[in-house]
Amino acid sequence: MKKISVDQKTHNYNSKNFDSRSGFIESEQRFYNRYSWCLNPYPKVSQVIDFIRTEAKELKNIEESWQINESIMTVFSLACAVSCSTDDFLNKKQYRQISLKSLHKWRIKWETAIASLLDSSLAETIDVISCRSAALELADLLSVDLPKKMLAQAVTSPRAFRSQDLTPYDVLTLSNKYCAENTNKNKPILIVGLRSAGSYFAPVLRADLARRGYHNISSVTLRPKKGASRNEKERIQKFANQDGSVIIIDEPIYVGLTLKICIKILDELGIQRESVSVLFPLHPCVTDLNKTEALSSLKGCHFITSSPDEYFKSGKLREEEVEKQLEEYFLARDCKKVTLFSDDNVLKFNETLSNLSENSWTEHLKRVYGVRLERQSGIIETQYVIAKSVGWGWQSYREFFAASCLKGFVPSILGLRNGILYSEWIKDSPSVKEIDRNKIVEIVSEYIAARVKGLSFEEDPSSFISELQVGISHVGMLLVRRNQSRTHLGRITNLLKKAAFRYRLLALKCPTASLIDGNMRIADWLKRENYIVKTDYAQHGLGKIEVNVTDPAYDLANSILAFELSEEEETDLLQRYMSISGDMDVIERITLYKVLTGLWSMQQSIGRIDDDKLSSRHREYSDDFIKAWTFTMIQLARYTASFVPKLVVKSSFNTLVVSDVDGVIDQHIIGIPSNTPSGIHALSLLHSHGYPVVLNTARSVYDVKEYCKAYGFMGGVAESGSYIWDAATDKEKILVSEEALTKIEKVKLALEKIPGVYINPYYLYSIKAFKYGDSITGTIAVPTELINSVLSQCEAEDLSVHLTSTDTAILSPGIDKGTGMIALLQLLDCSHCNTIAIGDTEPDLSMFRVASRSFAPSHTNVRSAAIQIGCQVVNKPFQSGLLEIVRHIIHSDGGRKPLGKKPSFKLKEHDKILLEIISDVEKSKPRRLLDAIFNKYLFVAFKDYFL
């Protein structure tokens, strides 16, 4: 597997070697074009078999050394994918071992054939003839009848080759270190590869040890979290009786849980820890093993690691290697001399990359270089180029197709070699926010449509990828994972629902399935003249820890969130996209993906906030979390409001309903406030019977305005009495004095300086402070002692403080929901109206005191105090209670019209999912369990797993 470099002397580089349409040189264009199937990182086993046969036949026609090496690596990695899938299948069907004896025998032959391919490619000089013969041998072995169920499942590809910058050559580095410490070549060796990476790493390690003269080597792969099969246990137990060495090999560890489970299995099977060596590369974001579970759980074992600086690709990013590669690219572009240089700009650009780095598990190696070019005409010019790792082997080839079809939307490409993409560095790019908003909408819509046209799948891979098969999960699973239960019955129900919900998601149809971007954040868009280009565009759609969506509606939704598009801009975006792509059904699918992109962004932000290494950017990530949380909440409000008829406002009215939001109109579902079918029914009844509604809430001004626009409410009180707004006239009034606002701003600044304390940026006239912790929303209140200390420090002790389970509110003195309600009635010129107040918490008592009548649902935490004021507490909680209250209001006011039927919910499949999620919360626990048990998708899950 020794890499053969391209012999520059054998190539006469000129402009004919360059394809201006794609940006790639001709040899790369011709070679990569053969791999259009690589867009899907998770092909079926049956498809992989076809790819191996094709590649084995084509290998004899390839002559350039780098292409031969790439082709061998393709056959090798595809063969390992089959090995991994076979082992997973045998493990899953372990209760049928007798009937699968033939598959076990075939698996042994397959392993031998892979070893033969590696034997031919590990020599100092590749034996091309032997490699071609070994590849054909692998293809011949695929002529047998393999189990249909196995052929239909998706293969796994390790993150090591997709997103962790590793290659098979990095296994050789570990092998070399092992051999330096273990010189007894006659001692038996058992290699234990941890799937999925172990299925790829173990064959390389075994072949290299054999090449170095080590004898009596055997291997087995495990997926520890799934447990060891009977056959796997037997092979390990058989080795335990020998006086040998065990080598565990895996990709970089993050926490070390998989290794912990693996060593426990080996302990139970009689393997002595002092005979175990654990080999793995260190990842740049986890170089200190003391921060993992590895050291404590693997006590007694020997560790052998390699550092990121020792990566094969780190070597390929050395200046001499990059210069040699860029020479090939630029000589084909009318240049006669190519030289790298370093200046202040290069240092500044690489510092920028370092500052933007999130040091994440999927972050790639990258570096900027200065290039001095001498043209054939003698003109000297300089350029800046970025080299970025984008995967290994065929897992990197999607970058070729993405860059080709997105030309004009992405930086200019020079080429792709050894899993490293070379492209222009856009220097001194100003903020994308400075560009015209209409231009942003135009470019983003065209970009997403271009992906649909050029990166579409013949068969939607999301229809056959499941967590049970390849260990990855659809972002849609967040809809059920965020519903936590503390009761035993609730946990059982949720477990059944999760099993069924995976298959519900897989059943969703998308007419334009394609390789989506999956990450439309502003930070990845750069301004170039009067245009914007995307800098990270092929890695986030599909993957073990990616969204795993193929519907472009997700990218549209993600763009609406990232660029904070208004409703008008959103409409323009969708119209432009539909006119270019022809995807006219996207409007029926996008609401679900708006919710999902919000939930995903929240999860990503929380993960970054939990990372101490990113502490300098925690406030940025907190703002991202709040933005995503608010976005998701507003999308759910618009969705539920679409079922509520708008009120036809009369010239005058006698009664006005004043309602709180949280706990009355909304309750927390999937960690986000949302209405429910009962709440929808209640608001529909109020509007159909002519009752205007205004809000009186602790929510922000933005929230109040968005809810009023969505539901057709007349206006509202925001921030617990700090602000009032008339929706009809757009009149507003701030009820907080200038003196109080000054104090509030001073307290905000003081709180923002305290590590771990965050401020909700949507609150303008009060403060919502919080910490991140265990609650339904993911946030908790700031301790009272700390708040009081800050108020004292800022000489603002007169500000009032209110704690909830999720945050701490700091308000102007003399401001509450009661004063806000009186001011709103004056603004609306409704002081003469009868007012009906609906609320459920202590701040609502001030509203009850000034209302003509007041009601509270049964879950109120101020029942006694409310009743003393004259508030009527009904029998049901939350939105069911609101519906009970509304029925009472209509009847008590002498309403003679029938209350009418429940709202009709005739929906397409994507919107049905959301309706089911918001409906489930109103069902009894036994009903939820029964619905989960008799869910048709649960039967599909049961059948797929067991039958």
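**Exercise 1. Packing of α3 and α5**

Determine how helix α3 is oriented relative to helix α5 in this predicted model, and characterise their contact.

*Solution.* Step 1: two packed helices are described by the angle between their axes and the distance between the axes. For α3 (residues 65-92) and α5 (residues 128-141), the angle is about 30 degrees and the axes lie 11 Å apart. Step 2: angles under 35 degrees count as roughly parallel, so α3 is roughly parallel to α5. Step 3: the handedness of the crossing of α3 and α5 is left-handed. Step 4: the contact is made by Ile-68, Ile-72, Val-75 and Ala-79 of α3 with Val-128, Cys-131, Arg-132, Ala-135 and Leu-138 of α5. Sorted by class, the residues of this contact comprise 8 nonpolar, no polar and 1 charged.

**Exercise 2. Packing of α8 and α9**

Carry out the analysis for helices α8 and α9.

*Solution.* Step 1: α8 (residues 168-181) packs against α9 (residues 197-211) at about 50 degrees, with 9 Å between the axes. Step 2: this angle makes α8 oblique to α9. Step 3: the crossing of α8 past α9 is right-handed. Step 4: α8 contributes Pro-168, Val-171, Leu-172, Ser-175, Tyr-178 and Cys-179, which meet Phe-201, Val-204, Leu-205, Asp-208 and Leu-209 of α9. The contact of α8 with α9 contains 9 nonpolar, 1 polar and 1 charged residues.

Step 1: consider the loop between β1 (189-194) and α9, where Ser-196 is placed. The peptide bond joining Arg-195 and Ser-196 is cis, with omega about 15 degrees. For context, most peptide bonds are trans.

**Exercise 3. The eight-stranded sheet**

State the strand order of the open sheet of 8 strands, and identify helices that pack on it.

*Solution.* Step 1: the order is β19-β18-β17-β16-β13-β25-β26-β27, and the pairing is mixed. Step 2: the edges are β19 (731-734) and β27 (872-873), each of which pairs on one side only. Step 3: within the sheet, β13 (residues 655-659) and β25 (residues 834-838) run parallel and are joined by 5 bridges. Ser-659 is opposite Ile-838 of β25. Step 4: helix α32 (residues 878-892) packs on the sheet, touching β25, β26 (853-856) and β27, with its direction at about 150 degrees to that of β26. Step 5: helix α26 (residues 701-711) lies across β16 (693-696), β17 (715-718), β18 (723-726) and β19, and runs at about 160 degrees to β17.

Step 2: examine the loop between β18 and β19, which holds Asp-730. The phi of Asp-730 is positive, near 65 degrees, in a residue other than glycine.

**Exercise 4. The surroundings of β21**

Which strands pair with β21, and in what sense?

*Solution.* Step 1: β20 (residues 758-759) pairs with β21 in the antiparallel sense over 2 bridges; the partner of Ile-759 is Ala-769. Step 2: β24 (residues 808-811) runs antiparallel to β21, joined by 3 bridges, and Lys-768 stands opposite Ala-809. Step 3: β22 (residues 779-780) is also antiparallel to β21, with 2 bridges; here Lys-771 faces Ile-780. Step 4: β21 and β22 form a hairpin with 6 residues between them, and Gly-778 in the turn has a positive phi of about 95 degrees. Step 5: of the 6 residues of β21 (residues 767-772), 5 are buried.

**Exercise 5. Accessibility of single residues**

*Solution.* Step 1: the cut-offs are under 20% relative accessible area for buried and over 50% for exposed. Lys-817 belongs to helix α29 (residues 817-827), and its contacts beyond four places in sequence include Asp-660, Asn-696, Ser-720 and Asp-844. Ile-386 lies in β8 (residues 380-389) and touches, among others, Leu-353, Val-368, Leu-421 and Trp-425. The C-alpha atoms of Ile-386 and Trp-425 are 5.4 Å apart, although the residues are 39 apart along the chain. Glu-795 sits in the loop between α28 (784-793) and β23 (800-803), and has a positive phi of about 55 degrees although it is not a glycine.

Definitions and conventions
Residues are numbered from 1 along each chain as its sequence is written. This is a predicted model: local features need pLDDT of at least 70, side-chain atom pairs count only at pLDDT 80 or more; totals for chains, interfaces and linings use all residues. Side-chain values use heavy atoms; hydrogens and water are left out. Axes are lines fitted to C-alpha atoms, for helices over the stretch in contact, and angles run from 0 to 180 degrees between N-to-C directions. Helices (H or I, at least four residues) and strands (E, at least two) are DSSP runs, numbered from the N terminus. Angles under 35 degrees count as roughly parallel, over 145 as roughly antiparallel, 65 to 115 as roughly perpendicular and the rest as oblique. A crossing is left-handed if the near helix is turned anticlockwise from the far one by less than a right angle, and right-handed if clockwise. Contact means heavy atoms within 4.5 Å. Ala, Val, Leu, Ile, Met, Phe, Trp, Tyr, Cys and Pro count as nonpolar, Asp, Glu, Lys and Arg as charged, and the others, Gly among them, as polar. Two strands pair if DSSP finds at least two bridges between them. Buried means under 20% relative accessible area, exposed over 50%, partly exposed in between (1.4 Å probe, protein chains only).
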